[in-house]
Amino acid sequence: MKGTTKPKGFRIAATMLLAALLIAAAIVPAVGASTPASESVRMDNEERPVLEFEGFTRMMVSGANTKSELGDQGITEPEELTIPISVKRFDLVTFNVADLRNQIRNGSVPLRIKGNSYDAELKRMEFDIQSVDNGIYSYKGTLKGVNDSKILLTISSRVVIAEVTIGDESIWVKPVEPRRRAKEGKPGLHIVYSSKDTELPTRHGKIDNGPVRLPNQTSTEEIRDLETLVRGSTTPIELLVATDNKFYEDEDDWEATAQGIIAEANNQFNRDDIDLHLFVVDYDESKRHDLSNDPDIKSEPLDTFKKHFPSSYLNSKSADLAIYLGGYDADGNCHGEAWSYPGGRHAWAQMVKDWYAGGWTYDGSPHGRRVTTIHELGHNFDADHQGSGGYNQAYDWWSGLNHYYTVMWGTYKGSKSKYEFSSDDYHGDSTHDNARRISETKGIVANYNT
C-alpha cells in the first residue's frame, strides 16, 4: 500500500539478502558470457585452461607468454617445444587421450571454454571413414545451442588437435613435443590458446608466385570441352600426403597433424557449390630420407618432390594428387608452390615459420599450415590469386573494422586469412569465384589416375 513503511528489521534482512544475491551473480558466470582471452579462468581455487575437455584435461602451466619461462615451472628443455612464433599467451596441458577417444566415439564430449560449460556434438568426417585407416580419427561438429560455432577435432592414440570457433574467435589445441620426446604411457604436452592471443605477421610475405605452369599443356579450347564431358556432382579425389625427416621428427604424430590439415581442406572443398571430397590413399613417409638428403630440397622443394614422387609413383598409389608437407624453411620469400591445372598433380606447403628480409612472414601455426595447404591444392584445380583476371580470383572484404581475405589471396595475413574459397554464394561475386572454377575442373583432376 502506498506510503506504508517496512519495519526496520525487515529492511536490514532484505538488504543482506540483496547483497548475497549480487555476490552470487558475480561469482557464477552465465553460459556464453565472455572472459578476456588474455586471462586464465580460476574456478574451484584452481587455474583452468582457456579450453578443456572436462574430466580429461590436466593443467601444467597457466598463462605462459614465452617458452623460456616454462623451465622455471618444471618443463624440461622447453626450447624444443614447437610453439608458433605468433602465439603470445598460452596454457600448457596434458590429456587422458585414451579415455577421451572413447568419449568422443559416443558423439558428444563436455567442454569448458573460458569458464563456461558446453556440450560438443561431434560426427566423424566422411573422408576419414573412407580414407586409409591409420587409427587416427577426425570429427566435426558444433557447440550445442551456440549459433556460429564450429568444431574440428583430430585425435590419435597420443595427441589431440582441435580448433573450436565461436564467432570471430578460435581456440586451438596443439601438441608441441617432438617425436623423440614421445614415451609410451607418458601424456604428451599440448598448448591451448586463443586466436585473440596471437599477433599478425611482421611482414606480409607471398604464399607463392602463382601456379607453376607445365610445358605442353592442353589448349584452352580442348580442356573446356573435356571439362564439359566429365562434369558431375559429388566428385572423389584421391590424395597422397608425403613428408620429410624434419617434419616427421618435429611432430609428436605427423600423421595426426596432417590429417587435421586435410580435414579442414575437406570442410572447404565439401561446400555445396564445389562438392568435392579428398580421400587420402596414404600418409607416405617412405621417401622422407630421400627428400631430406636431396641437395635441392630447400632451393627447389616442389621440383624435388616431383622428382621423388613422379606421376608413375602416384599412379601406383592410385592417387590423383599429392601434397608434400615440408619441414624445412625453403629459400626465398614463399612458403608454398603447386603445379598448375590442367595436369599439375603435385603441391608443396611449408609447415615451419618463414623468415624473410628481417621479419617473419609466416608462422607455421596450425592456422597457417591449413591456409597454405588449401591454397596450394586450390591451384591444382585452377583457383587463382587476386588480380589474375577471369572469374577464378580471390576476394577480400570488410566486416566492421576487420579486413578479411579468402584462401587464394596471394599473401598470408595471419588470422585475417580465411580457409574458404571465394564464391558468388558467400564471399565473392561473379568475377571472384574460385568455387565455380574448382567445380568445373574437378572432373578432369579426378581422372588423372587412370
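Biologist: Where does Asp148 lie in the chain?

Modeller: Start with the elements on either side. Helices (DSSP runs of H or I, at least four residues) and strands (runs of E, at least two) are numbered from the N terminus. Asp148 sits in the loop between β8 and β9.

Biologist: What kind of model is this?

Modeller: Residues are numbered from 1 along each chain as its sequence is written, and side-chain values use heavy atoms, without hydrogens or water. Local features need pLDDT of at least 70, side-chain atom pairs count only at pLDDT 80 or more, and totals for chains, interfaces and linings use all residues, because this model is predicted.

Biologist: Is Asp148 buried or exposed?

Modeller: Buried means under 20% relative accessible area, exposed means over 50%, and partly exposed lies in between, with a 1.4 Å probe and protein chains only. Asp148 has 59% relative accessibility. That makes Asp148 exposed.

Biologist: What is the phi of Asp275?

Modeller: Asp275 lies in the loop between α6 and β14 (276-284). Asp275 is not a glycine, yet its phi is positive. The value is about 60°.

Biologist: How far apart are the end C-alpha atoms of α6?

Modeller: Helix α6 covers residues 254-269, which is 16 residues. The expected span is 1.5 Å times one less than the number of residues, so α6 should span 22 Å. The model agrees, with its end C-alpha atoms apart by 23 Å.

Biologist: How many residues of α6 are buried?

Modeller: Helix α6 is largely enclosed by the rest of the structure. That follows from the count, because of its 16 residues the number buried is 15.

Biologist: What is the volume of the largest pocket?

Modeller: The search uses a 1 Å grid over the protein atoms alone; a pocket is an open set of points with protein on both sides within 12 Å along at least five of seven lines, and a cavity is a set where a 1.4 Å probe fits but cannot get out. Grid points are joined across faces, edges and corners, and a volume is the space filled by probe spheres set on the points. The space in the largest pocket is about 1100 Å³.

Biologist: Which residues are closest to the centre of the largest pocket?

Modeller: Lining residues have an atom within 4 Å of a point. The largest pocket has 41 of them. Elements giving two or more residues to that lining include β10 (160-166), β11 (169-175) and α6. Closest to the centre are Thr165, Gly167, Asp168, Ser170 and Lys418.

Biologist: How many residues in the lining of the largest pocket are polar?

Modeller: Ala, Val, Leu, Ile, Met, Phe, Trp, Tyr, Cys and Pro count as nonpolar, Asp, Glu, Lys and Arg as charged, and the others, Gly among them, as polar. This lining has nine nonpolar and 13 charged residues. Its polar residues number 19.

Biologist: Which helix gives the most to the lining of the second largest pocket?

Modeller: The second largest pocket holds about 580 Å³. Its lining has 29 residues, and among those nearest its centre are Lys67 and Lys353. Three lining residues come from residues 245-250, helix α5.

Biologist: What is the volume of the largest cavity?

Modeller: The whole structure has one cavity of 30 Å³ or more. Its lining includes Ile161, Thr257 and Arg369. The volume of the largest cavity is about 80 Å³.

Biologist: What is the angle between the ring planes of Tyr395 and Trp397?

Modeller: Rings of Phe, Tyr and Trp (its six-membered ring) pair if their centres lie within 6.5 Å; planes under 30 degrees apart are stacked, over 60 edge-to-face, and the rest tilted. The count comes to twelve aromatic pairs. Tyr395 is partly exposed at 21%, while Trp397 is buried at 13%. Their rings are stacked, 6.4 Å centre to centre, with an angle between the planes of 15°.

Biologist: Which residue lies over the face of Phe309?

Modeller: Ring pairs link Phe309 with Phe305, Tyr313 and Tyr324 in a cluster. A charge sits over a ring if NZ of Lys or CZ of Arg is within 6 Å of the ring centre and within 35 degrees of the ring normal. At 5.2 Å from the ring centre of Phe309 lies Lys287.

Biologist: Which residue forms a cis peptide bond with Tyr341?

Modeller: The bond has an omega of about -5°. Tyr341 is joined to Pro342.
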